[in-house]
Amino acid sequence: MEQATFGAGCFWCVEAVFQNLNGVEKVVSGYTGGKIANPTYKEVCSGLTGHAEVIQITYEPSKITFEELLEIFWKTHDPTTLNRQGADTGTQYRSAIFYHNEEQRQLAEAYKQKLNEAHAFPNPIVTEIVPLPTFYVAENYHQDYFNQNGQQPYCQFVVKPKVDKVRQVFGHKLKSAAGV
């Protein structure tokens, strides 16, 4: 098993995007990239900690590769807005790849460069690609959030469209498509 850590806005959205992919063992919501140890959600939401809301994916590379995870990452959020995803604003919502090793860094940098050169987005990509500092697991009520709270308005209007997009665009990569 290997791990990948991404920040792409609210971790409720990002968790829901990745957790049903074939080869993904688990997805944990948490915080990283800031300057205080063991931050709380309230502290991170203040914008003063420097932490980003992130998800840490544990995956089986023989079933889904880091490159495939990157493709889904890039296609399920706007990597061109600094410290913002939709109505969510603040440094905690920044687009970021926190790499675990040199291979992940190289793959992420090459993918970002390829997208920028192809003008895949109307504006340049601002996603930061930095080494993973300490990862702090978010409070229990943030874990598996969409599956537990799918009827809440935020989930219906913000999270569900992203999940639906993954089903539509990457349906062949879902656990149900693989017979899992």
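I call a residue buried when its relative accessible area is under 20%, exposed when over 50%, and partly exposed in between (1.4 Å probe, protein chains only). Helices (H or I, at least four residues) and strands (E, at least two) are DSSP runs, numbered from the N terminus.

**Ground rules.** I am working with a predicted model: local features need pLDDT of at least 70, side-chain atom pairs count only at pLDDT 80 or more, and totals for chains, interfaces and linings use all residues. Residues are numbered from 1 along each chain as its sequence is written, and side-chain values use heavy atoms, with hydrogens and water left out.

**Entry: helix 6.** I looked up which residues of helix 6 are buried. They are C155, V159, K162, V163, V166 and F170. These buried residues pack against helix 1 (11-18), helix 3 (66-75) and helix 5 (145-149). Contact here means heavy atoms within 4.5 Å.

Next I checked the length.

Where does helix 6 bend? I found a bend of about 45 degrees at V159. A proline, P161, follows within four residues. The bend is the angle between axes fitted to the seven residues ending at a residue and the seven starting there.

**Entry: strands 6 and 7.** Strand 6 (residues 95-99) runs parallel to strand 7, and four bridges join them. Two strands pair if DSSP finds at least two bridges between them. F98 stands opposite V130 in strand 7. From strand 6 the chain passes through helix 4 to strand 7, a right-handed β-α-β crossover. Right-handed means that, with the strands pointing away from the viewer, the path from the first strand over the helix to the second runs clockwise.

I then picked S95, which is found in strand 6. Is S95 buried or exposed? S95 counts as buried because its relative accessibility is 4%. Its contacts include G7, F73 and V126, not counting residues up to four places away in sequence.

**Entry: positive phi.** Most residues other than glycine have a negative phi. I noted two positive values. Phi of N83 is near 60 degrees. N83 sits in the loop between helix 3 and strand 4 (84-85). At 23% relative accessibility, N83 is partly exposed. H119 has a phi of about 50 degrees. H119 lies in the loop between helix 4 (102-117) and strand 7 (128-131). H119 is exposed, with a relative accessible area of 66%.
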